[in-house]
Amino acid sequence: MARFIAVLPAGGSSRRAAQNKLLQLYKSKLLVPIAGTPALLKALQPFCQLHSFEKILIPVSADLKVEFLSVIEALETSSAEVHLVPGGETRQQSVFNALKFIKASEVNTEDLYVVVHDAARCYLSNELLRATLDQVLLHGAVSAAIEITDTVVEVGAEGELVKQLDRSVLRAVQTPQAFKFDWLYAAHLEASPDATDDASLVSKTHKVRYFSGERANLKLTTAEDLGC
């Protein structure tokens, strides 16, 4: 029977939102309240409500561990064990730390799947998360993505038009992304520390299928995303 573990990387430095006055109070964009709920808690809720996950792992920097523990304690219900694991200097290192935690604690990973979702995408719906699990059981390696609606062009060094790209074949990649654990672990063994997309890593050895994400599945990146 398939088993699922979630990894929610949460070790980012919030550099692009650094001028947000709220960050001076909360230290991390993931601790800023979104409609009264800390962004991290909002991101965790679909994983707790779905009751499909054995564990939820959150890679986090050491200086935020106490604050993140307080958020986890506010979870009303969760059938999954929630663990903080050490974050790395890069996203790839943070995800790999979580995968090594899994590798050390799991005797058999043959039927194990990992769902990776950026904690900063705190608007994840239960429907999209369920679709992710359905898709990874069919294909083994999948990622949410949305169609490009804007015209996209390639420009040269001086800003001149080089060519207009065919947006019908372009997609904006989101998370959740989900993989057979063994595929993702092997990909991270060979990854460079600056890798930012798990699907790209796995695609070097296995076909990755992209399925429809949601436009509401936004990532908190700038001060404006946090509402000020």
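Is Lys 55 buried or exposed? I looked this up before anything else. Lys 55 is buried, at a relative accessible area of 12%. Buried means under 20%, exposed over 50% and partly exposed in between, with a 1.4 Å probe and protein chains only.

A note on the source. I am working from a predicted model, in which local features need pLDDT of at least 70, side-chain atom pairs count only at pLDDT 80 or more, and totals for chains, interfaces and linings use all residues. Residues are numbered from 1 along each chain as its sequence is written, and side-chain values use heavy atoms, with hydrogens and water left out.

**Entry: Lys 55**

I placed Lys 55 in strand S4, residues 53-60. Strands (E, at least two residues) and helices (H or I, at least four) are DSSP runs, numbered from the N terminus. I then looked for a partner of the side chain. It makes a polar contact with the side chain of Glu 106, at 3.0 Å. Such a contact is a pair of N or O atoms within 3.5 Å; within protein, one must be able to donate a hydrogen and the other to accept it, and residues adjacent in sequence count only if both atoms are side-chain atoms. Setting aside neighbours within four places in sequence, I found Lys 55 in contact (heavy atoms within 4.5 Å) with residues including Phe 4, Ala 80, His 83 and Glu 106.

**Entry: Val 162**

I went on to strand S9, residues 161-164, where Val 162 lies. Val 162 is partly exposed, with a relative accessible area of 47%. Not counting residues up to four places away in sequence, Val 162 touches Glu 154, Val 155 and Gly 156.

**Entry: H4 and H6**

How far apart are the axes of H4 and H6? I read 10 Å, with an angle of about 130 degrees, for H4 (residues 91-105) and H6 (residues 181-189). Axes are lines fitted to C-alpha atoms, for helices over the stretch in contact, and angles run from 0 to 180 degrees between N-to-C directions. H4 and H6 are therefore oblique to each other. Under 35 degrees counts as roughly parallel, over 145 as roughly antiparallel, 65 to 115 as roughly perpendicular, and the rest as oblique. Among the H4 residues that meet H6 are Val 95, Phe 96 and Leu 99. The contact divides into 8 nonpolar, 2 polar and 2 charged residues.

**Entry: H2 and H5**

I also checked H2 (residues 39-50) against H5 (residues 126-139). Their axes come within 10 Å and cross at roughly 60 degrees. H2 and H5 are therefore oblique. Pro 46, Phe 47, Gln 49 and Leu 50 in H2 meet Asn 126, Leu 129, Arg 130 and Leu 133 in H5.

Technical notes:
Nonpolar A, V, L, I, M, F, W, Y, C, P; charged D, E, K, R; others polar.
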